[in-house]
Amino acid sequence: MNDSIFVTQPSMPPLDEYVEYLKEIWESKWLTNNGKFHRQLEKELCDYLGVKYVSLFSNGTLALLTALQALRITGEVITTPYSFVATSHALWWNNIKPVFSDIEPATLNLDPEKIEAAITPLTTAILAVHVYGNPCNTDRIKEIADTYGLKVIYDACHTFGVKVKGVPVLNFGDLSVMSFHATKVYNTFEGGAIICHDEAMKKRIDLLKNFGFAGETTVIAPGINAKMNEVQAAFGLLQLKYVDEAIAKRKRIFSYYCQHLKGIKGVTYMDEMPGVEHCYSYFPVFINEGEFGRNRDYVYEELKKINVYTRRYFYPLISQFPAYRGLESAAAGKMPVAEKVTEEVLCLPIYPDLNYSTIDSIIGKLKVFGSGS
Ligand SMILES: *Cc1c(COP(=O)(O)O)cnc(C)c1O
C-alpha cells in the first residue's frame, strides 16, 4: 500500500452539482443569516431525521455551548469522560463544573446506575453522549432526570439518523446536539445543529446563535455568532441526497469487519445493538493485552508501518487531560470501566470509499500480531 489510509475520509458529492448551488449563491449575493439554502436544509433535515425542529450551527462545539445557554444550565453537570474533549469544554466555557461519572461496559455510554451517586444540590443537568452512535439508555436517564428535576442534553455528534425501535434518538432529552464536521457521517465541511421539540425553544436557540437579537433593535441575551452560512448549507443539501448510500456502504464495511475479526483472541468489537438502526460512524476494536499478547499501542504503531493511521478514540479520557486536573471526579481509580477501555480502544478506518483490500490487510495484521509471533 502506498497511499496513507486514515480512520476516515470525508464523503464528497459531485463537484459539478455543487457548482450549480454556488452559482445561485453568487447571483443572490445572500451569503449567510438564514438564507434560502439554510431554511431549506433545516426543513429537509427535519424530514430526514424525523425531528420537529433543527437549528443549524457553524459547528458542533458552538451548538453545545449554545444548548447549555438555551436551557440556562449552571452549577454542576454530570457528564462522561469517554468522549471527544469538546463535550466537557462546552461546560467550562459556560462556567459549569463537569462532574465525571463512569460508563457502562456494553455501550461505553454514561452508566445510568452510577449517575445518582454524583448528583449534588448544585447539579442542574446530565450531558450524555451517544458514543460511536450507540444510543444511551435514554429511558433510565429520563427517569433519574425527572426524579431530581434535571435537564438532559445529548451530545449526538456521532449520531446521524440513528433510530431505536423506529424512534429517532434525537427525540430524546431536552436537546440534542449534532456535528457536521468533515470527519462525521454527514458533513457540511464544518457544521452542527441543535434539535429541539417546541417552537419557543427553537426561537430562543435561533436568537442565541445570532448575538441574541430578538428584533432589529432588541438584544435580549448575550448571544454568540454561530450561524451556518449558505455555502455550507448548500453543501449539506447536496450531501443529503447521497447520505443513505454512504451509510449503506459503511454498513457493509462494518459487517465485513465483524465477520472477519470473529475468533481473533484478545480482540473484541461492538456488534450492532438489537432494535437499533445504526449509522456506522466508527469501528472501534478493543485489544486485551493479556489475551492478545501485545498491547493497543503496539498495534497502533505496527499499522502505521503499513500506512494505516488508526485513532485511539477516546484516549486519554477527557478527565485525564491536564486541563481537567484538580477535579475530584477526575481522580484516578474513580471510573474503572472508562479507565480500562481507554487503554484498549483503537478505531479502525471506516468510510464509504474504503477499499476492501485495505481492510483485508488490517485484519491480516491483527491475525499475525495476535498469534504471538
Ligand atoms: C465532533 C464532536 C464534537 C465537536 O463537533 P465540531 O463540529 O467538531 O465542533 C463534539 N462532541 C463529539 C462527541 C464529537 O465527536
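Mentor: What follows concerns the salt bridges, with the domains as their setting. The model is predicted: local features need pLDDT of at least 70 and side-chain atom pairs count only at pLDDT 80 or more, whereas totals for chains, interfaces and linings use all residues. Residues are numbered from 1 along each chain as its sequence is written, and side-chain values use heavy atoms, with hydrogens and water left out.

Side chains of opposite charge can pair when their charged atoms come close. The criterion applied here is a side-chain nitrogen of Lys or Arg within 4 Å of a carboxyl oxygen of Asp or Glu. By that rule, the whole structure contains 21 salt bridges.

One of them joins Lys 202 to Glu 42, with an N to O distance of 2.7 Å. Lys 202 belongs to helix α7 (residues 199–208) and Glu 42 to helix α2 (residues 36–49), so the pair ties together parts that are 160 residues apart in sequence. Helices here are DSSP runs of H or I with at least four residues, numbered from the N terminus. Lys 202 and Glu 42 are both buried; that term means under 20% relative accessible area, while exposed means over 50% and partly exposed lies in between (1.4 Å probe, protein chains only).

A second pair is Glu 344 with Lys 340, at 3.5 Å from N to O. Both residues sit in helix α11 (residues 336–344), 4 residues apart, which is about one turn of the helix. Glu 344 is buried because its relative accessible area is 14%, whereas Lys 340, at 49%, counts as partly exposed. Elsewhere, salt bridges with shared partners link Glu 42, Lys 202, Asp 206 and Lys 209 into one network.

Lys 334 is partly exposed at 45% relative accessibility, and Glu 328 is exposed at 61%.

An automatic or database domain assignment sets the bounds, giving domain 1 (15–238) and domain 2 (243–371). The contact between them, defined by heavy atoms within 4.5 Å, takes 40 residues from domain 1 and 34 residues from domain 2. Together the two domains bury about 3100 Å², 69% of it on carbon and sulfur atoms; this is the accessible area (1.4 Å probe) lost on putting the two parts together, summed over both. Across this interface the rule finds 0 salt bridges.

Terms used. Helices (H or I, at least four residues) and strands (E, at least two) are DSSP runs, numbered from the N terminus.
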